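Please have a look at it first, and then we will go through it piece by piece.

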Amino acid sequence: MAVLTFELPDGSTREVDVVQVLNAGYAGRSQEDVAAHVAELAELGVPGPSVTPALYPVSSYLARQTDRVEAQHARTSGEAEWALVVAPGGELLLTAACDHTDRDLEVHGVAWSKNAGPDVLARRAWLLADVASRLDELTLRAWVTHGDEESEIQNGTLAELLPPSYWVDVLRSRDALVPGTVLISGTIPMTPDVDQFADAWRVELADPATGDTIGLAYRVQRLSEPIG
């Protein structure tokens with residue numbers, strides 16, 4: 001079981017014993033755009049979901065606060081996302097996340113690919129209630145690093161994704177809105193001419209109203225070749 005610790009803007013902390021991790025997929029606010037995306041992925045051999053939006057359970061130990069992700073090969077990459085975290089007492093937190101996914105495995109099954117890499121979470125969070133009135137204005141950005149060069153690969157707002165309230169209702173209907181739950185939002189489009197298979201990823205969730213930002217960054221480290 002993973003234990004995550006988040007610092008809030010007032011300096012207080014919340015320690016969360018993770019009991020379940022859920023990765024949303026095909027979770028764009030416009031389901032017409034989602035349908036077009038599913039068709040694009042089908043051309044690449046990625047199987048489409050039976051329903052959209054989708055929700056993929058992943059192993060709870062994959063929720064991590066780390067600056068290093070180990071990968072078995074060169075075709076893995078992250079995705080800028082927000083994360084909803086249910087803290088002790090049912091308090092809802094919002095933070096930045098990056099879902100690191102095995103793209104080679106993705107063509108055999110999205111759920112499998114989600115379980116092949118960690119969900120990296122930031123070490124800071126906001127109380128969801130404190131930003132609820134302006135959620136759509138929050139920005140979500142990601143950068144990738146190749147060698148010494150960093151390039152922006154994602155830039156959007158939370159208005160592009162289904163809101164936390166949607167997933168709160170889904171979890172509540174399944175009796176799954178329990179302390180220790182981590183739900184990852186799904187992602188926004190990537191810039192097509194930026195190589196996602198990078199040496200490092202950086203994600204930032206920002207609140208333009210206050211200027212506050214929550215960020216995470218990690219390097220991708222290739223594992224050594226297997227023997228045998």
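Let me begin with a word on exposure: a residue is called buried when its relative accessible area is under 20%, exposed when that value is over 50%, and partly exposed in between, with a 1.4 Å probe and protein chains only. What you are looking at is a predicted model, in which local features need a pLDDT of at least 70 and side-chain atom pairs count only at pLDDT 80 or more, while totals for chains, interfaces and linings use all residues. Residues are numbered from 1 along each chain as its sequence is written, and side-chain values use heavy atoms, with hydrogens and water left out.

I will start with the sheet. Strands here are DSSP runs of E with at least two residues, helices are runs of H or I with at least four, and both are numbered from the N terminus; two strands pair if DSSP finds at least two bridges between them. On that basis there is an open sheet of five strands, in the order β6-β17-β16-β13-β14, and its pairing is mixed. Because β6 (68-71) and β14 (149-157) each have a single partner strand, they stand at the edges, and one side of each is left without a neighbour in the sheet.

Now to the charged side chains, where a salt bridge means a side-chain nitrogen of Lys or Arg within 4 Å of a carboxyl oxygen of Asp or Glu. By this rule the model has 14 salt bridges.

Which residue does E152 meet in a salt bridge? The partner is R141, at 2.6 Å from N to O, and since E152 lies in β14 and R141 in β13, the pair ties together parts that are eleven residues apart in sequence. E152 is partly exposed, at a relative accessible area of 30%, and R141 is also partly exposed, at 26%. Elsewhere, salt bridges that share partners join E79, D99, R103, E106 and K114 into one network.

Another pair is D136 and R29, whose side chains meet at 2.8 Å, N to O. This pair links distant parts of the chain, 107 residues apart, with D136 in the loop between α4 (128-131) and β13, and R29 in the loop between β3 (20-25) and α1 (31-43). D136 has a relative accessible area of 37% and is partly exposed, as is R29 at 33%.

The last pair I will show is D212 with R124, at 3.2 Å from N to O. Here D212 lies in strand β17 (residues 212-222) and R124 in the loop between β11 (119-121) and β12 (126-127), so the pair ties together parts that are 88 residues apart in sequence. Both partners are partly exposed, D212 at 22% and R124 at 25%.
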